[in-house]
Amino acid sequence: MSDLISVIVPTYNPGKHLLETLQSIMVQTYKNIEVIVVDDGSKIPVEDMLKDMLFFEKITLIRQENQGAPSARNKGFSKSTGKFVIFWDDDIVGELDMLEKMHLALVENESASFAYSNFHFGFKKMPAMEFNVEELKKKNYIITTSLIYREDFPGFDEFLKRFQDWDLWLNMAEKGKKGIWINEYLFKATPKKAGISTWLPKFAYKKPWNFLPFFKKRVKQHEKARKVIEEKYNLK
């Protein structure tokens, strides 16, 4: 029997993209998985959307009052049992062999605690890089949707409004945990109003673009959140 992978999908007021996300999980070539969907207090219960789907009985569905993505992820983890865990955002569609490749990368690299890859954000390519702690202290290049050894996962900081993923990797790095990079584009994230769609192009953070009304508020929020992480890990 292969190792069990727990796939945890936090979601809040999802659209039709959730169905596409779950379908891409169900058809993974790596079959020994458990799927846990955490409905973070959606206005219309996610159960109403999924109950007629063929794969509904294969899903563990948890509903909680709206507490944010970090809380929903931690709730899902508390109910999971897999040797490995992956937090799979509800706007992500994976390649068929995504889990298989991530699992193989971890099994073949015994010193690694997690495996991550490049991904597409809409039509934009989002490359990662070789694991390097000093580079990680400068910027986050590892997305949340990465495969992690259960025993090495420290939990998400539920007090953070942003950069929960950066916080997670810095926390693990402080404990001596390492990642292994798969230099392939293993999944695609769909831009939406919340989540990683808050990503802005590099030029948006530079003058005069950062003063434009369209960018100004979001850049300010980004810088404020970044400062919280910098102070937490004494990065300056």
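Which residues is Asn 118 in contact with, leaving aside its neighbours within four places in sequence? In this predicted model, the list runs Met 126, Pro 127, Ala 128, Trp 181, Ile 182, Asn 183, Glu 184, Tyr 185, Leu 186 and Phe 187.

**Asn 118 and its partners**
- Asn 118 sits in strand S6, which covers residues 112-121.
- Its relative accessibility is 1%, and because buried means under 20%, Asn 118 counts as buried.
- The side chain of Asn 118 has a polar contact of 2.9 Å with the side chain of Trp 181.
- The side chain of Asn 183 also makes a polar contact with that of Asn 118, at 2.9 Å.

**Nonpolar cores**
- The largest nonpolar core contains 36 residues, and Leu 22, Ile 86, Trp 88 and Met 102 have the most contacts inside it.
- Another core, of 30 residues, lies apart from the largest one and includes Phe 77, Val 85, Leu 160 and Ala 173.
- Beyond four places in sequence, Met 102 touches Ile 86, Ala 115, Ser 117, Thr 145, Ser 146, Leu 147, Ile 182, Leu 186 and Phe 187.
- Ile 182, Leu 186 and Phe 187 are among the residues that Met 102 touches, and they are also among the contacts of Asn 118.
- As background, nonpolar side chains tend to be buried together in soluble globular proteins.

**The second largest pocket**
- About 210 Å³ of space lies in this second largest pocket.
- Its lining is made up of Phe 159, Leu 160, Lys 161, Arg 162, Gln 221, Lys 224, Ala 225, Val 228 and Ile 229.
- By type, the lining has five nonpolar residues, one polar and three charged.

**Ser 71**
- Ser 71 is part of helix H3, residues 69-79.
- With a relative accessible area of 5%, Ser 71 is buried.
- Its contacts, leaving aside neighbours within four places in sequence, are Gln 64 and Glu 158.
- With Gln 64 there is a side-chain to side-chain polar contact of 3.4 Å.

**Two asparagines with positive phi**
- Most residues other than glycine have a negative phi.
- Asn 13, which is not a glycine, has a positive phi of about 45 degrees.
- Asn 13 belongs to the loop between strand S1 (5-11) and helix H1 (17-26), and at 33% relative accessibility it is partly exposed.
- Asn 234 has a positive phi too, near 50 degrees.
- Asn 234 lies in the segment after helix H7 (213-232) and is exposed, at 63% relative accessibility.

Conventions
Residues numbered from 1 in each chain as written. Predicted model: local features only at pLDDT ≥ 70, side-chain atom pairs only at ≥ 80, totals over all residues. Heavy atoms only, no water. Helix = DSSP H or I, 4+ residues; strand = E, 2+ residues; numbered from the N terminus. Buried < 20%, exposed > 50% of the residue type's maximum accessible area, 1.4 Å probe, protein only. Polar contact = N/O pair within 3.5 Å; in protein donor to acceptor, adjacent residues only side chain to side chain. Contact = heavy atoms within 4.5 Å. Core = buried A, V, L, I, M, F, W, Y, C linked by side-chain atoms within 4.5 Å. 1 Å grid on protein atoms, 1.4 Å probe; cavity = no way out; pocket = protein on both sides within 12 Å on 5 of 7 lines; lining within 4 Å. Points joined across faces, edges and corners; volume = space filled by probe spheres on them. Nonpolar A, V, L, I, M, F, W, Y, C, P; charged D, E, K, R; others polar.
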